[in-house]
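Please open the structure in a viewer and keep the sequence alongside it.

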Amino acid sequence: METDECLSCRKRTGSTTCIICEAPVCKPCSESLGDALFVSLEEIPLDQASGRFCGRCFDEEMAPRIAAYESVMLEALRF
């Protein structure tokens, strides 16, 4: 665990690290995946499925995947 300043808020001590860029990030500022169905839809490494992300990495890496997942789910509801 890192003890450096949080990448996002710069106020708290980073209690964890982003699993992509490994920057220190505090829990309130971090993002995580919570939907088991999303994890099963795409091949995502287990550490990314259960890890924590900084906001930047989440927006760049995971937000597009989540948008694609939501699109598939909406399409499935039409049938």
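The stops below begin with the whole protein and then turn to individual residues.

**Before selecting anything**

This is a predicted model, in which local features need pLDDT of at least 70 and side-chain atom pairs count only at pLDDT 80 or more, while totals for chains, interfaces and linings use all residues. Residues are numbered from 1 along each chain as its sequence is written, and side-chain values use heavy atoms, with hydrogens and water left out.

**The whole protein**

Display the protein as a cartoon. It contains 3 helices and 4 strands; these are DSSP runs, helices being H or I of at least four residues and strands E of at least two, numbered from the N terminus. Read from the N terminus, the order of elements is β-β-β-α-α-β-α.

Next, colour by pLDDT, the predictor's confidence in each residue, from 0 to 100. The mean for the protein is 79, and 75% of the residues reach 70 or more.

Now show the surface. The accessible area, from the Shrake-Rupley method with a 1.4 Å probe and, for residues, with only the protein chains shown counting as cover, comes to about 5300 Å² for the protein, and 52% of it belongs to carbon and sulfur atoms. Of the 79 residues, 28% are buried. Buried means under 20% relative accessible area, exposed over 50%, and partly exposed in between (1.4 Å probe, protein chains only).

**Select S30**

S30 is located in the loop between β2 (24-25) and β3 (31-32). S30 counts as buried because its relative accessibility is 8%. Leaving aside residues up to four places away in sequence, S30 touches V25, R52 and F53, where contact means heavy atoms within 4.5 Å. With R52, the side chain of S30 makes a side-chain polar contact at 2.7 Å. A polar contact is a pair of N or O atoms within 3.5 Å; within protein, one must be able to donate a hydrogen and the other to accept it, and residues adjacent in sequence count only if both atoms are side-chain atoms.

**Select I19 and G51**

I19 sits in the loop between β1 (16-17) and β2. Its relative accessible area of 27% makes I19 partly exposed. The C-alpha atoms of I19 and G51 are 6.2 Å apart, although 32 residues separate the two along the chain.

**Select the cysteines**

How many disulfides does a search of the whole structure find? It finds 0, a disulfide being a pair of cysteine sulfur atoms within 2.5 Å. For C6, the nearest cysteine sulfur is that of C26, 3.7 Å away. C6 is buried, at 0% relative accessibility. For C57, the nearest cysteine sulfur is that of C54, at 3.6 Å. C57 is also buried, with a relative accessible area of 5%.

**Select the charged pairs**

Side chains of opposite charge can pair when their charged atoms come close. The count is 2 salt bridges, each a side-chain nitrogen of Lys or Arg within 4 Å of a carboxyl oxygen of Asp or Glu.

- E5 and R10 form a salt bridge at 3.7 Å, N to O; E5 is partly exposed at 44% relative accessibility, and R10 is partly exposed at 47%.
- R78 and E75 form a salt bridge with their closest N and O atoms 3.5 Å apart; R78 is exposed at 65%, whereas E75 is partly exposed at 37%.
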